[in-house]
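Thanks for coming, everyone. Let me put the sequence and the model up on the screen, and then I'll walk you through a few spots.

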Amino acid sequence: MQGFLNFSVSSEIIMYPIPPNRVIYIANKDKTLLRGLFSFCSASGKEVMQTYSNPVNIHSLILGLYYIKVADEKGKLIGTQVIIKQ
């Protein structure tokens, strides 16, 4: 069974549903979707995907650990999350 484990690095950002099928929603604590740039980096630190879309289609990501950086529309870092695609 494929899925994600979610490890919150920033308590201000949540992702759902866990485990997702093809998309994840990136939101603040009250589940309001965030707007901005979402950058996905592999465990080795290589950026593998960037998008301004929310929800984010994650179907093409291979199994593994990802760091997700969330920046606002002006480029200021809001926070980060770590997920593991299983």
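When I say strand, I mean a DSSP run of E covering at least two residues, and a helix is a run of H or I of at least four, with numbering from the N terminus. With that in hand, Ser53 sits in the loop between β5 and β6 (56-57). Please keep in mind that this is a predicted model: local features need pLDDT of at least 70, side-chain atom pairs count only at pLDDT 80 or more, and totals for chains, interfaces and linings use all residues. Residues are numbered from 1 along each chain as its sequence is written, and side-chain values use heavy atoms, leaving out hydrogens and water.

Back to Ser53: it is partly exposed, at 41% relative accessible area. On my scale, buried is under 20%, exposed is over 50%, and partly exposed is in between, using a 1.4 Å probe and protein chains only. From Ser53 to Ile26 the C-alpha distance is 9.8 Å, although 27 residues separate them in sequence.

Ile26 brings us to the core. A nonpolar core here is a set of buried Ala, Val, Leu, Ile, Met, Phe, Trp, Tyr and Cys residues joined through side-chain atoms within 4.5 Å. The largest one has 15 residues, and Ile24, Ile26, Phe40, Val56 and Ile68 touch the most other members. At least two residues come from each of β3 (23-27), β4 (37-42) and β7 (64-71), with β7 giving the largest share, three. Counting contacts as heavy atoms within 4.5 Å, and setting aside neighbours within four places in sequence, Phe40 meets Ile24, Val56 and Ile68, among others.

Now, β7 runs antiparallel to β8, and eight bridges join them; strands count as paired if DSSP finds at least two bridges. One of the bridge pairs is Gly64 with Lys85 in β8. Between the two strands of this hairpin lie five residues, and Gly75 has a positive phi near 95°.

Glu73 lies in the loop between β7 and β8 (77-85), and Arg35 in the loop between β3 and β4, 38 residues away.

Last, confidence: pLDDT, the predictor's per-residue score from 0 to 100, averages 85 for the chain. Strand β1 (residues 4-8) is lowest, with a mean of 44, while β5 (residues 47-51) is highest, at 97. Where pLDDT is low, the predicted coordinates should not be read in detail.
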